[in-house]
Amino acid sequence: MASPGVYRRTLPSPPAIDFSSHDGKKIFGEALGAGTMEGFFKLISYYQTQSEPAYCGLATLAVVLNALSIDPGRKWKGPWRWFDDSMLDCCEPLDKIKEKGITFGKVACLARCNGAKVDAFRSDESTVDEFRKRVISCCSSEDCHVIVSYHRGAFNQTGTGHFSPLGGYHAERDMVLILDVARFKYPPHWVPLTLLWNAMNTIDKATGHHRGYMIVSRLDRAPSILYTVSCRHEGWSSVAKFLTEEVPLLLKSEDLKDIQEVLSSVFKSPPSELRAFITWVAEVRRQEDGNLTLSVEESGRLAIKADILEQIRTTILFKHVTRWLNSDCSCCNTTASLGDINTLPELAVSVCCQAADLLTGGSRLGLSAAKCCSHIDVKHLNDNGENQATLVSGTVTTGGSSEQRVDALIPLCQREPNRLCVSSEGHCIGMHPSTADVLTVLLLALPMHTWSGIREEKLRVKVTSLLKTENLPPLLQDEVLFLRQQLHSLMTDIGAPSS
């Protein structure tokens, strides 16, 4: 006979107070009058139940991203662009999250790669008083929201680690409202802030690090990110450890004379997954949208991406990387390992399959490029003579006979011809991702302590001056800081040094 299953749990009270109880309503009314429930109405408008038992981090993030009115830039269902927990897989495959849940660092990574600004604090990096101040600030505004990672045991609840957003704060009672996304289990409830702090001040056995909280808000500019850190492949942790542990040792152990030797030392024996560690963020749409014109939003995002791409390629570091990639020193060891994509057909297949991943979950189905993309077309678009772009179209097969035509938009950047780009009418069409772009961004995103072991002082000073974020143009500076924050969150999860 089949098991009857479980219908909800009784909320242990105390310490929690059910939001819908008489006392819970009274606390809500008092907090509303005091002005510390301002974020509640946005959150409750988009409040959802996690769709899988281990999706608490994904559901929490979907609620917050929707509450902040961040456009995901891709469709959910039908014509609608909307965040759902099933779409949040840029940092970890969904089947893995479904089995094991998700860590604090990867939730922060997910928030950033989906266009949010994130300030993340583990409990050993903050204090209860700092936490209270940030909670009061966010609960008094609609512009930011607090996500907490805590252990349920502190509230005598069943289960272990959990994520949920905070919906409000009551100053006199010093209580916070947890909008529990496991609504099939517990309703929203008020808990003492100090007890929540104790619940956050616990160790996540999956990482060996403290839980904590994060403040999530909108970026000051359009959320048009060019690159993101990817930990979807199994080898990402070995790449992270190579970059943060092995590279500093290599630099310290060799007698390096110039920048070219530094680049050779870093990339002469890279892990095979290095090329996939920094990936680019595509603009994707279903071809049913039906035309080759760019919307105002698409044009704006592409313009920012093109500006960042141009800024990367005008850095002195990019010139050093390009020179090194053109050298014999690079060709004999590294090119195959990095898996460069610089020809139009290869890039088109890659773009089509990224579109397939975003729109159909192709990567989770294990579809190869040959199986998921066919009939690939490439067209050049020009928006009012200003924002040039390439439109890559392909047919995505999702299994059986089901097919969907998809489009992906790529910004262009005119450069002088060289062997690292596609040539068109005598000009280099600088499409990304190319190895030179990715390596430049990767070097800029590494922690500054990476280079402290270079023996020759003049060379060490020269290298660090090339990599200082304050020397970069504003858009590129934001991009690099975004990647550094992602790296810090992910590397902390695996215990690698990140600062």
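A residue is called buried under 20% relative accessible area, exposed over 50%, and partly exposed in between (1.4 Å probe, protein chains only). By this criterion strand E5 is mostly covered, with seven of its eight residues buried. The model is predicted: local features need pLDDT of at least 70, side-chain atom pairs count only at pLDDT 80 or more, and totals for chains, interfaces and linings use all residues. Residues are numbered from 1 along each chain as its sequence is written, and side-chain values use heavy atoms, with hydrogens and water left out.

Helices (H or I, at least four residues) and strands (E, at least two) are DSSP runs, numbered from the N terminus. Strands pair if DSSP finds at least two bridges between them. Seven strands form an open sheet in the order E1-E8-E7-E6-E5-E11-E4, with antiparallel pairing. Strands E1 (17-18) and E4 (116-122) stand at the edges with a single partner strand each, so one side of each lacks a neighbour in the sheet.

Within the sheet, E5 pairs with E11 over six bridges, in the antiparallel sense. Here Cys 144 stands opposite Ser 217 of E11. E5 also pairs with E6, antiparallel, over five bridges. Ser 149 stands opposite Phe 163 of E6. E6 (residues 161-170) is joined to E7 (residues 175-178) by four bridges, again antiparallel. Leu 166 has Ile 178 in E7 as its bridge partner.

Leu 32 belongs to helix H1 (residues 22-34). Leu 32 is partly exposed, at a relative accessible area of 34%.
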